[in-house]
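Student: I'm new to reading models like this one, and I'd like a close look at one part of it. Could you walk me through it slowly?

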Amino acid sequence: MSPAHQQTVHAVNGFAYGCIGADIHVFGDGVPLYVLQRWRPEVRPDPSWLLDLPSRMLNSRFAVVDFIGREKELADLRRWRDQGPRLSIQWLHAPGGQGKSRLASQFAKESEAAGWTVATAARGPGVAHPDLTERLVPHRLSAAADPAERARIHRELGKRLEQAHRAEKAAPAFAEAVRLYRQLADSNPQAFEAVFAESSFELAVALVFADLEPWAREPLENLAADAEQLGQAAVAFRDAIEVFRRLAAENPAEHQEGLAVALSVAAFLVPRLGPSDLAMATALEAVDMVRHLADEKPDEWAHQLPYVLVTSAVTLAGARPEQARALADEAVSIARRMAHDDPEKHVEDLVFALSTQGSVLLRLELAGEAIDALSEAAKLSGRRPQAGQDKEPWFQVMAHAISFVWVQERATGATTGRGMAVKVLSRLARGNTSGRAPALLTALLALLGMLDASARPEDVLAVHRAIIHLLRTSDEIPYAGDDLIGRSDIHGVLAQASGLLARTGRWDEALASLEEAARELWAEGTDSLNACVGSLLTLLTATLADLDPSEDGDPYHRMARPQAVRVLERIAETYRRLAQDDPAAHELGLAATAKILSEALWKLGRRQEAVDVGRESVRTWRLCAARDGAAEHRDQLALALRRLADKLMDTGHTVQAATAAREAAAIWRALSRESPSRYYPCVAAALYLVARNLRRLRPADALSAAEESAALLGRFPVDDPAERHSSLVTVNGLIAEIRQELHE
């Protein structure tokens with residue numbers, strides 16, 4: 001690092017003030033953006049949660065795939081830790097998608113296991129040690145006998161936790177404050193009614209966001225609403241509005257503003273405040289009240305009017321589309337005028353109005369106009385001085401519009417707006433994506449998280465197709481993504497689409513998507529095509545059978561479950577039909593499916609069915625090998641013959657078993673001309689099977705096969721000498737037994 005780019009960072013009482021990208025990350029109130037916390041490994045998510053949206057398995061934070069490699073980098077980090085000066089900094093840097101997060105997490109895990117204390121810099125925003133605050137509260141409460149003081153402490157704790165994006169813990173704190181303030185207001189309304197209304201409002205907001213996933217940091221990342229919590233939020237909003245309305249009637253100057261805020265937020269965040277028309281009535285009351293306040297106190301409320309107009313329009317879009325459209329247009333018109341008069345101060349108001357107008361237009365199924373509004377918002381957002389410091393403007397605008405749609409539709413079960421969002425983003429993904437492809441990808445992934453079980457399967461598929469198109473066509477998206485997905489993950493998205501298609505009964509399309517995913521994986525050169533097909537078949541089966549796709553161990557054992565066998569039988573049935581019309585395209589998939597199904601049936605004790613499917617696997621691999629003569633297909637044919645020989649031997653069909661094993665040996669012998677060390681051990685194993693099955697019928701032939709097997713095992717080096725020794729002992733034991741029987 002050159003001297004011109006160096007900086008000195010001082011840590012005082014756990015706070016470190018630094019400069020990143022020329023932006024000092026400290027809030028205006030002087031509280032640091034980052035605080036030091038004890039490092040903890042990421043909690044492994046529940047497998048069923050991973051299966052709900054399989055792209056989650058690609059997120060590096062959840063470490064679904066074991067950490068491997070990076071030995072040199074780890075060794076360098078250990079040397080710095082153990083041998084470097086007592087105070088020093090190691091800067092871990094690389095382009096996005098290179099694995100910095102996993103490497104840092106692995107090093108932290110190792111260091112903690114070695115006895116080191118590992119700290120991480122966590123985003124506070126504006127909150128100093130919420131954990132410490134939470135721990136201190138019981139001590140403060142024990143010293144506070146006054147109910148008013150206890151209520152104040154609970155409310156303050158709720159505020160701190162909510163600022164730390166921990167609404168799930170803030171809600172109980174606010175709830176206790178509300179309970180105490182309610183009792184106090186009953187006995188002394190003049191002193192406590194206002195603070196009771198304020199606390200009720202804070203509780204309602206916390207409850208709306210308390211159903212965020214534990215690791216989520218933004219509302220748009222949420223997947224589903226908790227109906228019970230929304231019901232509690234509605235009650236809290238109604239309590240706040242009722243009290244504010246009474247107080248505003250008695251003292252408008254002091255309480256009318258509180259009522260206006262409560263009405264505006266309540267109508268937007270909780271579409272179901274009670275009877276179906278209550279949210280709409282609340283929204284309209286908020287509009288009237290803020291219009292009045294904007295006339296009376298323009299300096300304080302004029303800039304708030306477009307916010308209230310446009311959010312109320314989102315609320316009204318479902319039942320009163322014309323009125324919603326008019327309010328949204330008015331909001332944009334006012335914001336546009338404000339931005340024209342004072343761009344520096346009000347361009348952000350216009351961006352909000354346009355983005356939210358986009359939400360309204362999505363709900364009204366006006367895709368073209370929605371794109372125009374959102375495009376203008378993104379363009380304006382990119383011009384702002386703070387643009388680019390956090391998220392790309394296109395993502396910010398799209399996420400804003402989609403999340404506003406989702407907030408409304410999650411409580412009502414409607415899907416119109418999200419369906420239109422799918423069309424808009426799909427259209428944008430297939431247009432000119434220059435300069436915004438990563439933002440569109442992120443928005444598509446966010447939208448995918450908002451398409452819950454009520455969404456049309458075709459909408460979910462359309463999002464997958466748009467993601468696949470972006471990954472294939474845009475060089476702006478990194479090959480591997482640190483937090484999201486990159487171009488290298490296209491096979492994973494195709495596999496997800498395969499599972500979705502299968503769940504909707506579209507098996508032909510599901511298998512076509514799976515084969516496409518296999519070809520993408522194969523193109524990376526890490527494995528053979530049939531191995532890629534087999535791997536994705538087991539993943540698809542595990543997904544459809546509700547099994548843990550990350551379960552370690554023998555994949556054949558994992559498939560040996562009744563629900564998995566039912567899925568495999570359906571896949572095999574589909575492949576048989578497809579292979580009749582186009583053998584060259586589908587026989588590989590049928591052969592791979594039959595191989596897995598045969599092993600699963602065998603492990604379940606359904607032996608005759610396993611043998612029958614094993615014969616089908618042999619027939620299909622034979623057709624594949626005859627068609628192109630590829631070594632890969634001949635190897636698979638030999639393996640299928642050997643597996644069939646094992647089953648035939650165990651069911652008493654020794655002659656057929658010997659015949660299958662001998663053919664497998666002949667195929668592997670031919671392949672060994674190109675790669676002796678790889679295939680001669682396979683020849684030896686097949687010959688051993690021949691010997692075992694012929695020892696009673698043709699002992700001389702059996703002895704010849706066993707001796708050749710032993711010679712091959714002793715002739716070629718292997719990776720595991722202990723395993724070779726064990727195999728030689730077994731084969732030599734069989735030779736000794738056959739010789740003794742011949743002498744007798």
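Student: Which does Phe237 count as, buried or exposed?

Tutor: Phe237 counts as buried, because its relative accessibility is 0%; buried is under 20% relative accessible area, exposed over 50% and partly exposed in between, using a 1.4 Å probe on protein chains only. The model is predicted, so local features need pLDDT of at least 70 and side-chain atom pairs 80 or more, while totals for chains, interfaces and linings use all residues. Residues count from 1 along each chain, and side-chain values use heavy atoms, without hydrogens or water.

A search of the whole structure finds four aromatic pairs (Phe, Tyr or six-membered Trp rings with centres within 6.5 Å; stacked under 30 degrees, edge-to-face over 60, otherwise tilted). One of them joins Tyr181 and Phe192: this pair is tilted because the ring planes meet at 35°, with the centres 6.3 Å apart. Tyr181 belongs to helix H6 (residues 167-187) and Phe192 to helix H7 (residues 189-209), so this pair ties together parts that are eleven residues apart in sequence (helices are DSSP runs of H or I, at least four residues, numbered from the N terminus). Tyr181 is buried, at 5% relative accessible area, and Phe192 is buried too, at 18%.

Now we come to your residue. Phe237 forms an edge-to-face aromatic pair with Phe201, with 5.9 Å from centre to centre and 65° between the planes. Phe201 is in helix H7 and Phe237 in helix H8 (residues 227-250), so the pair ties together parts that are 36 residues apart in sequence. Phe201 is buried as well, with a relative accessible area of 17%.

Next, follow the chain back to Glu162, which is found in helix H5 (residues 147-163). Glu162 has a relative accessible area of 27%, so it is partly exposed. Between the C-alpha atoms of Glu162 and Phe209 there are 9.4 Å in space, although the two are 47 residues apart in sequence. Setting aside neighbours within four places in sequence, Glu162 is in contact (heavy atoms within 4.5 Å) with Ala170, Phe174, Glu202, Val205 and Ala206.

In the structure view, begin with Phe237 and its edge-to-face partner Phe201, then move on to Tyr181 and Phe192, the tilted pair.

How values were computed
Helix = DSSP H or I, 4+ residues; strand = E, 2+ residues; numbered from the N terminus.
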